[in-house]
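Here is a model to work through by question and answer. Have the coordinates open as you read.

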Protein chains: 2
Amino acid sequence: MANKSSRKRGSYHIGNLDTLLLDEARLVLAEVGPTKLSLRGVSDRVGVSATATYHHFSNKNVLLAHLAAKGFHELSQVLRKRSNSSEPYDILRTGCIAYFKFARQNPELYQLMFGPEIQAERSIAELKAARAEAFGDLRQIISEVTNEPADSKTVLDGALASWSFTHGIASLFIHDVIHYPSSTDIKLVDKSLKALSQIFLQGK
Amino acid sequence: MANKSSRKRGSYHIGNLDTLLLDEARLVLAEVGPTKLSLRGVSDRVGVSATATYHHFSNKNVLLAHLAAKGFHELSQVLRKRSNSSEPYDILRTGCIAYFKFARQNPELYQLMFGPEIQAERSIAELKAARAEAFGDLRQIISEVTNEPADSKTVLDGALASWSFTHGIASLFIHDVIHYPSSTDIKLVDKSLKALSQIFLQGK
DNA sequence: ACCTGAACACCGTTCAAGT
DNA sequence: ACCTGAACACCGTTCAAGT
């Protein structure tokens with residue numbers, strides 16, 4: 001937080017402009033959100049001309065894609081912390097809550113990761129890879145929950161369903177669709193998980 | 001499709017510029033997506049100066065908010081078509097699939113409705129009202145599914161959980177996170193619903 | 001009351017030029 | 001190899017002026 005604004009550089013060249021831009025972009029993202037982040041603004045704050053940025057990222061979308069890829073990596077990290085219980089419901093719950101907390105703590109980054117600014121399909125390979133990695137971690141969790149192989153159909157479908165649910169609730173919270181004091185977030189996830197199980201139990 | 005491009009107007013004034021702009025914006029939205037829609041572009045296509053638009057919508061966000069509100073109204077319509085079965089699982093399934101189909105058929109509108117361009121909380125009242133209406137319809141469905149009053153806690157939590165799930169899966173599809181031939185979409189929703197019930201059954 | 005043109009402060013991106 | 005300034009084609013928004 002202190003050495004970050006060593007603005008005046010002695011030399012013409014910089015060296016690690018890639019990471020400087022990426023780090024600053026992450027800050028700007030958190031401050032103004034994904035729709036108002038601008039290449040020129042980020043470049044300015046780093047103390048470099050906007051055109052310099054184009055020597056490190058071929059365009060704005062590529063910069064954003066790198067940011068999003070970083071987000072998926074962090075999400076992976078978060079999903080790897082396992083529950084100390086071996087009860088299926090507890091394992092699932094732990095995963096859901098970890099995911100949910102990540103989204104809540106990085107709302108703008110999360111919006112970017114799943115927002116319209118990023119068309120992952122036609123973006124850099126790193127993004128798709130990072131996203132696939134995160135989905136892999138999710139499958140791993142569901143594999144433990146269901147006690148079936150990670151590449152089985154059951155696990156795949158279960159992972160997709162769980163991802164949908166958790167992404168959905170995180171997304172609704174971030175977009176202020178749900179109004180709860182933030183201290184009771186997790187309780188709501190809990191209640192929803194139970195409510196959902198209630199519904200399905202009854203439907204069986 | 002024919003009388004829409006009656007561009008050259010005889011008089012200086014127009015009359016129903018509000019709806020003309022809104023309709024054209026909807027088309028542009030479907031063509032270029034929520035991030036690339038521009039006020040100037042829409043005004044141009046209607047055949048009017050960009051400044052004229054400001055006499056009908058105080059800024060771009062208000063225009064987008066009206067579009068999103070329209071989306072929520074249409075979503076409400078769609079959710080009101082009830083299942084002919086009275087089996088709880090069937091009612092839920094019918095609602096989920098109707099919601100899902102709406103999202104798939106209007107991907108850019110759906111992205112707008114839940115995207116970062118719209119901060120519903122600080123936008124026009126119509127938007128919040130339309131969204132609340134749609135959520136009301138969802139609660140109604142869950143009330144039928146669970147056979148409990150629509151304002152009960154069970155129904156509220158269940159509606160939130162179901163909304164999360166359905167919004168989640170729709171959102172993941174729209175953002176190309178899931179790759180399935182579009183003919184098998186619904187099958188996947190089905191399988192996910194079942195997989196989820198599977199998981200919860202096991203966890204109980 | 002409703003619409004326009006010119007202007008301001010921003011964008012993303014490119015290209016020739018500087019170190 | 002890495003960075004800059006000027007320029008182009010766009011934005012959203014405002015303001016004085018036209019019908």
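**A predicted model: burial, domains and interfaces**

A:V42 sits in helix α2 of chain A, which covers residues 39-46. The model is predicted.

Q: Is A:V42 buried or exposed?
A: The cut-off for buried is under 20% relative accessible area. A:V42 has 1% relative accessibility, so it counts as buried.

Q: Which residues does A:V42 touch, leaving out those up to four places away in sequence?
A: Contact here means heavy atoms within 4.5 Å. A:V42 lies in helix α2 of chain A. Its partners beyond four places in sequence are A:L21, A:E24, A:A25, A:V28 and A:L37.

Q: How far apart in space are A:V42 and A:L27?
A: In sequence, 15 residues separate A:V42 and A:L27. From C-alpha to C-alpha, the separation in space is 9.1 Å.

Q: What area do domain 1 of chain A and domain 2 of chain A bury between them?
A: Domain 1 spans 17-58 and domain 2 spans 65-202 of chain A. Ten residues of domain 1 of chain A contact ten residues of domain 2 of chain A. Carbon and sulfur atoms give 65% of the buried area. The total is about 900 Å².

Q: Which three residues supply 60% of the area that domain 1 of chain A buries against domain 2 of chain A?
A: No other three residues of domain 1 of chain A supply more of this area. The trio is A:R26, A:L29 and A:P34.

Q: Which residue forms a salt bridge with A:R26?
A: Two salt bridges cross the interface of domain 1 of chain A and domain 2 of chain A. In the pair with A:R26, the closest N and O atoms are 2.7 Å apart. The partner of A:R26 is A:E74.

Q: Where in chain A does A:R80, the salt-bridge partner of A:D137, lie?
A: The side chains of A:D137 and A:R80 meet at 3.1 Å, N to O. The pair links distant parts of the chain, 57 residues apart, with A:D137 in helix α7 of chain A and A:R80 in the loop between α4 (60-79) and α5 of chain A.

Q: Why does A:D137 count as buried?
A: Buried means under 20% relative accessible area. A:R80 has 41% relative accessibility and so counts as partly exposed. A:D137 is buried because its relative accessible area is 10%.

Q: What area is buried between chain A and chain B?
A: 50 residues of chain A are in contact with 49 residues of chain B. Carbon and sulfur atoms give 69% of the buried area. The total is about 4400 Å².

Q: Which residue of chain B meets A:K191 in a salt bridge?
A: The count between chain A and chain B is two salt bridges. In the pair with A:K191, the N to O distance is 3.7 Å. The partner is B:D157.

Q: Which element gives the largest share of the side of chain A that touches chain B?
A: Elements giving two or more residues to this side are α5 (88-105), α7 (125-146), α8 (153-174) and α9 (185-203) of chain A. The largest share is 14 residues, and it comes from α8(A).

Definitions and conventions: Residues are numbered from 1 along each chain as its sequence is written. Chains are lettered from A and ligands numbered from 1 in the order in which they are written. This is a predicted model: local features need pLDDT of at least 70, side-chain atom pairs count only at pLDDT 80 or more; totals for chains, interfaces and linings use all residues. Side-chain values use heavy atoms; hydrogens and water are left out. Domain bounds come from an automatic or database domain assignment. Buried area is the accessible area (1.4 Å probe) that two parts lose on being put together, summed over both. A salt bridge is a side-chain nitrogen of Lys or Arg within 4 Å of a carboxyl oxygen of Asp or Glu. Helices (H or I, at least four residues) and strands (E, at least two) are DSSP runs, numbered from the N terminus. Buried means under 20% relative accessible area, exposed over 50%, partly exposed in between (1.4 Å probe, protein chains only).
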